[in-house]
Amino acid sequence: MDAPVVLVHGTNAGPWTMANFGRFFADLGWRCLSPPYRHHDDAVSGDGADLLAGVGIADYVDDIAAVVSTLDTSPVIVGHSLGGVIAQKLAARGQARAIVLLNGSVNWGILPTTDAERALAKALMSAGPFWETTLLPDFDTMSTYGLNMLGPAGQRRVFDRLGPESGRVMFELFFWMFDENQTTRIDYRNVTCPVLMVSGSEDLAIPPSTSRAIAQRHGSLATFHEADGFGHYLTLEPNWRQIAELCARWMADTVE
């Protein structure tokens, strides 16, 4: 496989959330990289929380773009959650051969389509001016919206590895309509590569109805797949291999 694969993780997480897919693709011959955003290495520590204050999604785009720029050919970018926004931003710059959005987060202009999405945004409002500081993950919120397709032990195992996240990043994602920088705006006209959108049917954070709205912005370039029985963290759920196989087939058909 001559195209490298760059796997991009979501909020509060690190490359470990993409490790299953990275190993699976590597076994098929793909050259895989899974870079972290700044201050998102595998060592979970509250000491790093202060470093995230004021960091924004544009910084994360720069972090991944710096890695992509070292490659000798444009990669396939596989982004989970926030990583899906990053993948689209880089594709709009011409830095991707193809992109895979695994429950990709909403972009500027995409409104919530369910009560669950609106409830999640309301929960953030109770944190006060969170955009000025950092946020630690909350187990009840994560188990409901992100880890709902894992058993109790699996939920706790994943949650215990999650770390702090920039409040500004969460603001730019959930309250894009108040972001004067329009950080998550995608210039869809400049995304000229193939797009695969995979949406877990049980994802309450970014449900299929919202994922379809994102895919539709890409027109005929997009392939949409609703993954029955999967939630938000489909890279870590028991049947993750089914999704990895789906992505690998699409990548091989699209890129080779």
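Is arginine 156 buried, partly exposed or exposed, and what is its relative accessible area? Arginine 156 is partly exposed, with a relative accessible area of 37%, where buried means under 20%, exposed over 50% and partly exposed in between (1.4 Å probe, protein chains only). The structure is a predicted model, in which local features need pLDDT of at least 70 and side-chain atom pairs count only at pLDDT 80 or more, whereas totals for chains, interfaces and linings use all residues. Residues are numbered from 1 along each chain as its sequence is written, and side-chain values use heavy atoms, with hydrogens and water left out.

A search of the whole structure finds nine salt bridges, each defined as a side-chain nitrogen of Lys or Arg within 4 Å of a carboxyl oxygen of Asp or Glu. In one of them, arginine 156 meets aspartate 160 at 3.6 Å, N to O, and aspartate 160 is itself partly exposed at 48%. Another joins glutamate 172 to arginine 168, with the closest N and O atoms 3.0 Å apart; the two residues lie four apart in helix α7 and are therefore separated by about one helical turn, helices being DSSP runs (H or I, at least four residues), strands likewise (E, at least two), numbered from the N terminus. Glutamate 172 counts as buried at 2% relative accessibility, while arginine 168 is partly exposed at 31%.

Helix α9 (residues 240–255) has 16 residues and reaches 22 Å from its first C-alpha to its last, close to the 22 Å expected at 1.5 Å a residue, the expected span being 1.5 Å times one less than the number of residues. Its buried residues, among them Trp240, Leu246 and Trp250, pack against β1, α1 (19–27), β3 (76–80), β4, β7 and β8 (222–227).

Phenylalanine 130, placed in the loop between α4 and β5 (134–135), is buried, with a relative accessible area of 2%. Leaving aside neighbours within four places in sequence, phenylalanine 130 is in contact (heavy atoms within 4.5 Å) with residues including Leu124, Arg168 and Phe171.
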